[in-house]
Amino acid sequence: MNARWLLGISFLAWVLGCRDPTERRTPPAQPNAQTFLVGPSGGEFAVGLVTLEFPRGALADKTEIAVKVESASPCEVSVGLEPDGTRFVVPIGLRFSLGAQCRVPAHSRVIAQRLPNGFLPLRTTISGNDVSASLVHFS
């Protein structure tokens, strides 16, 4: 992966009030990153706690998609997605599997896009410990 990661899109499975202030945030011991070649037929791809679901027709051409889990704790996951500027004809799914260790009420779980000046909450769906949202672009 190149330096464009910092310019690419980042999503945060953001859970309000989850972190204990004494909890130390450390990145994963090994970078959790993969690339996938996705074509018009779609597919489902997982990297750690993160799953991307590409329905048939989301991409018109084969595209190399990069996923990098930037940080993860029981209740918070941050992920970078590339290539920046990719638009989807049909929305794709982004799902975080938080696990039973996250004991925050479901109504407090939100997926948000990281912006230069804060966060933009996305319409979030909760099913058990899975938190998901639809994406129409990486930007």
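How many aromatic pairs does a search of the whole structure find? The search finds four aromatic pairs, where rings of Phe, Tyr and Trp (its six-membered ring) pair if their centres lie within 6.5 Å, with planes under 30 degrees apart counted as stacked, over 60 as edge-to-face and the rest as tilted.

## Basis of the model

This is a predicted model, in which local features need pLDDT of at least 70 and side-chain atom pairs count only at pLDDT 80 or more, while totals for chains, interfaces and linings use all residues. Residues are numbered from 1 along each chain as its sequence is written, and side-chain values use heavy atoms, with hydrogens and water left out.

## Aromatic pairs

A pair of aromatic rings is described by the distance of the centres and the angle of the planes. One of the pairs is formed by F54 and F88, whose arrangement is edge-to-face, at 5.8 Å centre to centre and 65° between the planes. This pair links distant parts of the chain, since F54 belongs to strand β4 and F88 to strand β7, 34 residues apart; strands (E, at least two residues) and helices (H or I, at least four) are DSSP runs, numbered from the N terminus. F54 has a relative accessibility of 5% and therefore counts as buried, a term that means under 20% relative accessible area, with exposed meaning over 50% and partly exposed in between (1.4 Å probe, protein chains only). F88 is likewise buried, with a relative accessible area of 7%.

F88 also pairs with F138: the ring centres are 5.0 Å apart and the planes stand at 80°, so this pair is edge-to-face. Because F88 lies in strand β7 and F138 in the segment after β11, the pair ties together parts that are 50 residues apart in sequence. F138 counts as buried at 0% relative accessibility. F54, F88 and F138 are among the members of one aromatic cluster, which also includes F36 and F45.

## Salt bridges around R95

The structure holds four salt bridges, each defined as a side-chain nitrogen of Lys or Arg within 4 Å of a carboxyl oxygen of Asp or Glu. One of them joins R95 to E44, with the closest N and O atoms 3.9 Å apart; R95 is in strand β7 (residues 87–97) and E44 in strand β3 (residues 43–47), 51 residues apart, so that distant parts of the chain are linked. E44 counts as exposed, at 52% relative accessibility.

R95 also meets the side chain of E53 in a salt bridge, at 2.2 Å from N to O. Here strand β7 is linked to strand β4 (residues 50–54), which holds E53, and the two residues are 42 residues apart. E53 counts as partly exposed, at 28% relative accessibility. A further salt bridge runs from R95 to D130, with 3.8 Å between the closest N and O atoms, and because D130 lies in strand β11 (residues 130–137), this pair ties together parts that are 35 residues apart in sequence. D130 is partly exposed, with a relative accessible area of 27%. Through shared partners, salt bridges join E44, E53, R95 and D130 into one network.

T51 lies in strand β4 and counts as buried, at 6% relative accessibility. Leaving aside neighbours within four places in sequence, T51 is in contact (heavy atoms within 4.5 Å) with E44, F45, A46, G93, L94 and R95.
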